[in-house]
Amino acid sequence: WEVVHHKNGIRDDNRLENLELMPTQSKHFTGASLIKKYKSLEKRIIRLEIENESLKSQLNRSKQ
């Protein structure tokens, strides 16, 4: 009843270093949902950092 989890989310990447055996389906969903949330937050941070730099640049131009 174990579930094989693909660490990088690519289901046809069956390299051993990409596979993790999960004891149950519910544990798999918990881990997978945390990874998905983490990646989503990481992308949001990157977008906000880019926006922040752009706003700093605009502010510096308006001061000149």
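Accessible areas here come from the Shrake-Rupley method with a 1.4 Å probe, and for residues only the protein chains shown count as cover. On that basis the protein has an accessible surface of about 5,900 Å², with 58% of that belonging to carbon and sulfur atoms.

A word on the ground rules: this is a predicted model, where local features need pLDDT of at least 70 and side-chain atom pairs count only at pLDDT 80 or more, while totals for chains, interfaces and linings use all residues. Residues are numbered from 1 along each chain as its sequence is written, and side-chain values use heavy atoms, with hydrogens and water left out.

## Overall layout

The protein's secondary structure amounts to 1 helix and 2 strands, and along the sequence they follow the pattern β-β-α. Helices (H or I, at least four residues) and strands (E, at least two) are DSSP runs, numbered from the N terminus.

How many of the 64 residues, as a percentage, count as buried? The figure is 11%, where buried means under 20% relative accessible area, exposed means over 50%, and partly exposed is in between (1.4 Å probe, protein chains only). As for contacts (heavy atoms within 4.5 Å), take those between residues at least 6 apart in sequence: 17% of them join residues at least 24 apart.

## Strand 2 and leucine 21

Leucine 21 sits in strand 2, which covers residues 19–22. Leaving aside residues up to four places away in sequence, leucine 21 touches Glu2, Val3 and Val4. There's also a C-alpha pairing to look at: leucine 21 and histidine 5 are 16 residues apart along the chain, and their C-alpha atoms are separated by 6.1 Å.

## Salt bridges

The whole structure contains 3 salt bridges, each being a side-chain nitrogen of Lys or Arg within 4 Å of a carboxyl oxygen of Asp or Glu. Asp13, Arg15 and Glu17 are linked in a network of them. Arginine 15 pairs with aspartate 13 at 2.7 Å, N to O, and with glutamate 17 at 2.8 Å, N to O. Is aspartate 13 buried or exposed? Aspartate 13 is buried, because its relative accessibility is 13%. Arginine 15 is partly exposed at 43%, and glutamate 17 is exposed at 53%.

## The positive patch

Which residues form a positive surface patch? They are Lys37, Lys39, Lys43, Arg44 and Arg47. Patches take residues with over 30% relative accessible area and no salt bridge, joining like charges within 9 Å and nonpolar side chains (Val, Leu, Ile, Met, Phe, Trp, Tyr) within 5 Å. Lys and Arg count as positive and Asp and Glu as negative, with His and the chain ends not counted. Each charge is placed at NZ of Lys, CZ of Arg, CG of Asp or CD of Glu.

Arginine 44, one of the patch members, lies in helix 1, spanning residues 25–63. Arginine 44 is partly exposed, with 49% relative accessibility.
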